[in-house]
Amino acid sequence: MLMQRVHVCAAIILCMAHACLSFENQTVNNNITKSESNDFKSVINLVGNVTESLDTAKPDEDHTQAQRNASEDGEQMNKETHGAKPEERKPHRKSLILDCPPLGLESLKVSDDQLESSSYLSVGLGPHRGRLNIQSGLDDDDEYDGAWCAGVEDQEQWLQLNALRPTLFTGVILQGRNSIWSLNWVRTYKVQFSNDSSVWQPCMNGSEEAVFIGNEDLETPVLALFPEPSVAQYIRINPQTWFSNGTICLRAEVLGCPVPDPDSPHFSETESGSSDDLDFRHHNYNEMRKLMKSVNDKCPNITRIYTIGRSYTGLKLYVMEISDNPGKHELGEPEFRYVAGMHGNEVLGRELLLNLMQYICREYNQGNQRVIQLVKDTRIHLLPSMNPDGYETAYEKGSELSGWALGRYSFEGIDMNHNFPDLNNIMWDAQELAINKRRVSNHYIPMPEYYTSTEALVAPETRAVISWMQDIPFVLSANLHGGELVVTYPFDCTRDWIPRQDTPTADNDFFRWLATVYASTNLVMANPERRICHSEDFLQHNNIINGADWHTVPGSMNDFSYLHTNCFEITVELSCDKFPHASELPIEWENNKESLLLYMEQVHRGLKGVIRDKDTRAGIANAVIKVDGLGHDIRSAVDGDYWRLLNPGEYKITVWAEGYFPRIRHCSVGSEPHATICDFTLTKTSQDRLKQILASGGKIPRDNQVRIRAMRMRKLRASTKILNRRREQQRLNKIKRK
């Protein structure tokens, strides 16, 4: 109730401002006068006080206690954590009278027809391209170029935004042109405001027209806050100087707070968002841990927090497990995972997973049968931040000032999406050399020997995830990214190093189903009227694409999951904006909520069963499950259970294990969203039969592949321990020197 009263209070104050100022539309010459600006300033200060109370309000005592408990837990974890201390890293933020969010040039909330310019160099450099962080195509001068560029080089050029309603403008963020072929950016600029796009009032700094500092490179976003926030409907950015060897080009974001106007067709009593009461904000490392702890406190019977390793600076990689029996693999229950934050500056996935764990906990406690069934039948693992070092770097700058790449890489500068072993080319090379290609392994391919050494350039985060993959028999996964709106499926790597080419797996049809499930239920991707993000029109592909047909990625996690484990994995590019402003998070949750839930439920499609010894009834581990007509095998888990994701149809299944006779069954997969049970019992090969094979000059089948795979994993873990000790010693040495 307190939160509702605060929101109502803020709305009333803004409406009072509207009544006092009449939005400047009733002035004689439509100019924004200094006296009106001063009148509004006092109202803004009052709204600022109300806004501050939103951050400190506590909805109930249970929430307060949970926060207190989580805080104590966080303090304890701080004592355990070595290396970087994110709690000391306060993001640098300039003080705004009212903390106004971006209007949405980057997020595409601002439509193309709201942007105009005095001139433009070409269609691909029109005003609709003047958006913060927009990326160009590979070639300059096409229809998807990397900025707005003026067609004339003089100080009369401008880029104009129509906010559609009276708006309190507080600042502008500028970048140069995104290009690998040219250098173009604006060094200084002026700003003007208008209510009718005819009469313009300059932004003033005292008695002089304000001149703002722009860019000195292509990519670094530069924020300029206005000396006096101004209410208007239109704003113009007017370049004054630019890079001497370039021309007038810029990408921009505008900060502003829409002012309520009941007479405007664009006015809404409530801003679009979410009806779910979740913690919609960006969480740094400590805040993330506190949130996870609070979820665990509220749902101790179905949640468990564990770690799979540490980042380079010592931050723990936390996982939230959700299950009706947390901490234990249950026979026949599939294991599912979501991974977010591989690229530290692609932060929406991180927040969505934190929202998801809150949502599942709350809905389970409230008796939501869909959620209860999901928790009962599935063991869910959520890793919200695979690259916490990179995230902390981006978080320090903030959502608009971190740019396109800051925080993407690990602390060591490694792109983890290229850091997994490239098993694709190992398999393809073996197929080229093999006389009988059917004998070439298509699953459980061991990582190469060189990858296991201490000298290999493998991030500690990557090592931790690989070890995690072998500890748990994951069946299905999705890797959450940002910067585009598309779902990609393996393979991610092309054959013969072609830049891009459709390179399907043996399970291409099922992967396309998985990608379609997410894309078709995502509210933005499913919108046929949506604007493309940058330069790729994924709408023509129904928002799904083979990863290699977009761009080749050797060493991706998707391909490694498929070729090294039983797990099917896709990549979801969640939004055009890698680091959405906190105000965008509620609607992003609504855009993705159904997709996140429905995708998890796909883990129950296809076949599942248990492979047992006929005599002892014990489960048989590492049995090979072959599907006739599909050139990709899987293996049973430690207890003998298996899960084979398949589309509806009739299948001939062959199961083989070392020391046993093979067994064949025909199994049917229906269209219902639950797996068909298809169990197998295997008979051990008799000693007499083994003697006959040897006597005839044959060889007893050996499963050397699984042995090599296990041996390489042991080597990787051993080298990881050595590297961890080295980093810990380096940290202690630094402390001693201080």
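This is a predicted model: local features need pLDDT of at least 70, side-chain atom pairs count only at pLDDT 80 or more; totals for chains, interfaces and linings use all residues.
Side-chain values use heavy atoms, with hydrogens and water left out.

The protein contains 15 helices and 26 strands, these being DSSP runs numbered from the N terminus (helices H or I, at least four residues; strands E, at least two). Of its 738 residues, 56% are buried, where buried means under 20% relative accessible area, exposed over 50% and partly exposed in between (1.4 Å probe, protein chains only). Among contacts with a separation of 6 or more, 78% join residues 24 or more positions apart, a contact being heavy atoms within 4.5 Å.

Helix α4 (residues 285–298) packs with helix α5 (residues 348–365) at an angle of about 15 degrees, and their axes are 10 Å apart; axes are lines fitted to C-alpha atoms, for helices over the stretch in contact, and angles run from 0 to 180 degrees between N-to-C directions. The two helices α4 and α5 are therefore roughly parallel, a term for angles under 35 degrees. The residues that make this contact are set out below.

| Helix | Residues in the contact |
|---|---|
| α4 | Tyr285, Met288, Leu291, Met292, Val295, Lys298 |
| α5 | Arg350, Leu354, Met357, Gln358, Cys361, Asn365 |

By type, the residues of the contact of α4 with α5 are eight nonpolar, two polar and two charged.

The structure holds 24 aromatic pairs, counted when rings of Phe, Tyr and Trp (its six-membered ring) have centres within 6.5 Å, with planes under 30 degrees apart called stacked, over 60 edge-to-face and the rest tilted. The rings of Tyr312 and Phe411 are stacked, because their centres are 5.1 Å apart and their planes lie at 15 degrees. Tyr312 belongs to the loop between β11 (303–310) and β12 (316–322) and Phe411 to the loop between α7 (388–397) and α8 (423–433), so the pair ties together parts that are 99 residues apart in sequence. Tyr312 is partly exposed at 26% relative accessibility, whereas Phe411 is exposed at 54%. Elsewhere, Trp428, Phe491, Phe510, Phe511, Tyr562 and Phe568 form one aromatic cluster.

Tyr562 of that cluster is also one of the buried residues of helix α12. Eight of the eight residues of α12 (residues 557–564) are buried, so this helix is largely enclosed by the rest of the structure.

Definitions and conventions. Residues are numbered from 1 along each chain as its sequence is written. Angles under 35 degrees count as roughly parallel, over 145 as roughly antiparallel, 65 to 115 as roughly perpendicular and the rest as oblique. Ala, Val, Leu, Ile, Met, Phe, Trp, Tyr, Cys and Pro count as nonpolar, Asp, Glu, Lys and Arg as charged, and the others, Gly among them, as polar.
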